[in-house]
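Trainee: Please take a close look at one helix of this model. What covers its buried residues, and how do the parts around it pack?

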Amino acid sequence: MTDATGQETDPVLQIDIVSDVVCPWCIVGFKQLEQAIAQTGVSAAVKWHPFELNPEMASDGENLREHIMRKYSSSEEQSNAARERLTDIGKGLGFEFRFTDDMRMVNTFKAHQLIHWAGPQGKEHQLKMALFQAYFQERKDLNNDEVIADVAADIGLDRSEALDVLQDGRFAETVRQEEAFWTGNGIHGVPAVIFDRKHLVSGAQGTENYASIIQQLVTGQAAQ
């Protein structure tokens with residue numbers, strides 16, 4: 001592959017990820033993808049896009065276990081097994097899940113607005129990772145303005161401006177439009193990973209599968 005001057009360059013693979021910060025399989029899928037990128041040695045550019053698992057969730061949220069059991073008609077035993085499985089998978093990927101009985105599922109519209117705000121400041125990815133950690137490891141309420149402004153401040157963003165962004169809703173409509181774009185294009189579950197802006201892969205597919213997909217795409221790019 002060559003650049004505009006005719007020099008050989010490493011191909012850059014665009015990877016768009018539609019996800020929610022309270023979705024455990026979203027962080028699992030990303031960690032698998034991260035390992036795959038490292039294994040293949042490919043230069044990749046990751047862009048995050050918003051998706052709300054629970055757009056109609058009440059402001060005070062709902063007990064996480066009760067929510068999952070109701071939503072998926074699962075038993076407490078199934079819930080425990082799912083948590084154990086996620087914890088084991090996460091451990092192997094370097095991400096620690098710390099589930100507790102009092103964890104709450106919350107709406108994440110405000111969190112997505114902050115992620116959008118952080119993008120032009122070069123902090124989108126860092127904030128996304130910090131929010132995953134805040135929810136799954138520190139069990140923080142990601143629907144609380146003060147809480148998520150603190151998360152933003154912890155990674156070097158301006159806390160006062162973060163609060164202003166949340167309180168005046170300057171990016172609310174932009175985020176709504178982007179969510180509508182993805183759902184309008186058939187994405188109703190996450191994670192959804194779009195490679196090279198045209199190859200959709202749904203769900204956490206595992207490091208080896210992601211590596212295989214990346215290698216095939218990059219090989220195809222290099223042949224062009």
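Mentor: The model is a predicted one, in which local features need pLDDT of at least 70 and side-chain atom pairs count only at pLDDT 80 or more, while totals for chains, interfaces and linings use all residues. Residues are numbered from 1 along each chain as its sequence is written, and side-chain values use heavy atoms, with hydrogens and water left out. Helices (H or I, at least four residues) and strands (E, at least two) are DSSP runs numbered from the N terminus.

H4 itself spans residues 109-118 and is mostly covered, with eight of its 10 residues buried. Here buried means under 20% relative accessible area, exposed over 50% and partly exposed in between (1.4 Å probe, protein chains only). The buried residues of H4 are Phe109, Ala111, His112, Gln113, Leu114, Ile115, Trp117 and Ala118.

Among the covering elements, H5 deserves attention. Ala134 lies in this helix, and its relative accessibility of 2% is why Ala134 counts as buried. Beyond four places in sequence, Ala134 touches Arg139, Lys140, Leu142 and Val151, where contact means heavy atoms within 4.5 Å. Ala134 and Val151 are 17 residues apart along the chain, yet 7.4 Å separates their C-alpha atoms.

Rings of Phe, Tyr and Trp (its six-membered ring) pair if their centres lie within 6.5 Å, with planes under 30 degrees apart counted as stacked, over 60 as edge-to-face and the rest as tilted. The count by this rule is 10 aromatic pairs. Tyr135 and Phe136 form an edge-to-face pair, because their ring centres are 4.9 Å apart and their planes lie at 80°. Tyr135 counts as buried at 2% relative accessibility, and Phe136 is buried with a relative accessible area of 2%.

Another pair, Phe195 with Tyr210, is tilted, at 6.3 Å centre to centre and 50° between the planes. Phe195 belongs to strand S5 (residues 192-195) and Tyr210 to helix H9 (residues 207-222), so the pair ties together parts that are 15 residues apart in sequence. Phe195 counts as buried at 0% relative accessibility, and Tyr210 is buried with a relative accessible area of 0%. Leaving aside neighbours within four places in sequence, the contacts of Phe195 are Leu13, Gln14, Ile15, Leu33, Val201, Tyr210, Ile213, Ile214 and Leu217.

Tyr135 and Phe136 also belong to a cluster linked by ring pairs, together with Phe95, Phe97 and Phe99.
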